[in-house]
Amino acid sequence: MQTVIKVEQLSKSYDNRPAVDKISLSIKRGTVYGLLGANGAGKSTTIERILGTKNADGGTVSVLGYNPKKDRRRLFQKVGVQFQESDYQPEIKVSELCE
């Protein structure tokens, strides 16, 4: 089966406190995958980094063969995302919202 999400050594800290500490995972096409944990465990931080909507401190991410940070527009044309906040991403263009 084809790997559709590959994360290697993903890290993010806030004020020198690790929120995500070198997470690695590989998810194959057709797999349902969930992140479980208490509030503050780093679930949202991980998802935001996987989608490329926020910067990580380290590590690499590939989703459907795209670099989510560099290829955000093309990636978002292929995946459906419902963010927990109602604001639009700061980098989004009005034309992208209209699409």
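Trainee: Which residue just after H1 takes a positive phi?
Mentor: This is a predicted model, and its angles are computed from that model. H1 covers residues 43-51, and just after this helix the backbone takes a phi of about 80 degrees. The residue with that positive phi is Gly 52.

Trainee: Which residues of H1 are buried?
Mentor: Buried here means a relative accessible area under 20%, and the helix to be examined with that cut-off runs over residues 43-51. The buried residues of H1 pack against E1, E2, E3 and H2. The residues of H1 that are buried are Thr 45, Thr 46, Glu 48, Arg 49, Ile 50 and Leu 51.

Trainee: What is the relative accessible area of Thr 46?
Mentor: Thr 46 lies in helix H1, and apart from its neighbours within four places in sequence it is in contact with Leu 10, Val 20, Ile 23 and Leu 35. Thr 46 counts as buried because its relative accessible area is under the 20% cut-off, the value being 4%.

Trainee: In what order do the elements of the chain run from the N terminus on?
Mentor: The chain has three helices and three strands. Read from the N terminus on, these elements run in the order β-β-α-β-α-α.

Trainee: What is the radius of gyration of the chain?
Mentor: For 99 residues the globule rule gives 13 Å, and the value for this chain is close to that, so the chain is as compact as a globular protein of that length. Along the principal axes, its C-alpha atoms fill a box of roughly 35 × 35 × 25 Å. The radius of gyration itself is 14 Å.

Trainee: Which element gives the largest share of the largest nonpolar core?
Mentor: That core has 10 residues in all, namely Val 7, Leu 10, Val 20, Leu 25, Ile 27, Ile 50, Val 61, Val 63, Tyr 66 and Leu 75. Two or more residues of this core come from each of strand E1 (3-14), strand E2 (17-28) and strand E3 (58-63). The largest share, three residues, comes from E2.

Trainee: With which residues is Ile 27 in contact, leaving aside its neighbours within four places in sequence?
Mentor: Ile 27 is one of the residues of the largest nonpolar core. Once its neighbours within four places in sequence are left aside, the contacts of Ile 27 are with Gln 2, Thr 3, Val 4, Ile 5 and Tyr 33.

Trainee: How far apart are the C-alpha atoms of Pro 90 and Ile 27?
Mentor: Pro 90 lies in the loop between H2 and helix H3 (94-98), and at 75% relative accessibility it counts as exposed. Along the chain, Pro 90 and Ile 27 are 63 residues apart. Their C-alpha atoms are separated by 28 Å.

Trainee: Is Arg 72 buried or exposed?
Mentor: Arg 72 is found in helix H2 (residues 72-76). Not counting residues up to four places away in sequence, Arg 72 touches Asn 67, Glu 91, Ile 92 and Glu 96. Because its relative accessibility of 12% falls under the 20% cut-off, Arg 72 counts as buried.

Trainee: What distance separates the C-alpha atoms of Lys 70 and Gly 52?
Mentor: Lys 70 lies in the loop between E3 and H2, where it counts as exposed at 70% relative accessibility. Lys 70 and Gly 52 are 18 residues apart along the chain. The separation of their C-alpha atoms is 7.9 Å.

Trainee: What is the phi of Gln 9?
Mentor: Most residues other than glycine have a negative phi. Gln 9 lies in strand E1 and is partly exposed, with a relative accessible area of 43%. Although Gln 9 is not a glycine, its phi is positive, at about 55 degrees.

Trainee: Where does Asp 15 have its place?
Mentor: Asp 15 is a residue other than glycine with a positive phi, near 50 degrees. With a relative accessible area of 74%, Asp 15 lies over the 50% cut-off and is therefore exposed. Its place is in the loop between E1 and E2.

Trainee: How far apart are the mean positions of the positive and negative charges of the chain?
Mentor: The chain exposes about 7,200 Å², of which carbon and sulfur atoms supply 48%. It carries 16 positive and 11 negative charges. The distance between the mean positions of these two sets is 6 Å.

Key
Residues are numbered from 1 along each chain as its sequence is written. This is a predicted model: local features need pLDDT of at least 70, side-chain atom pairs count only at pLDDT 80 or more; totals for chains, interfaces and linings use all residues. Side-chain values use heavy atoms; hydrogens and water are left out. Helices (H or I, at least four residues) and strands (E, at least two) are DSSP runs, numbered from the N terminus. The radius of gyration is taken over C-alpha atoms; the globule rule is 2.2 Å times the number of residues to the power 0.38. Accessible areas come from the Shrake-Rupley method with a 1.4 Å probe; for residues, only the protein chains shown count as cover. Lys and Arg count as positive and Asp and Glu as negative; His and the chain ends are not counted. The place of a charge is taken as NZ of Lys, CZ of Arg, CG of Asp or CD of Glu. A nonpolar core is a set of buried Ala, Val, Leu, Ile, Met, Phe, Trp, Tyr and Cys residues joined through side-chain atoms within 4.5 Å. Buried means under 20% relative accessible area, exposed over 50%, partly exposed in between (1.4 Å probe, protein chains only). Contact means heavy atoms within 4.5 Å.
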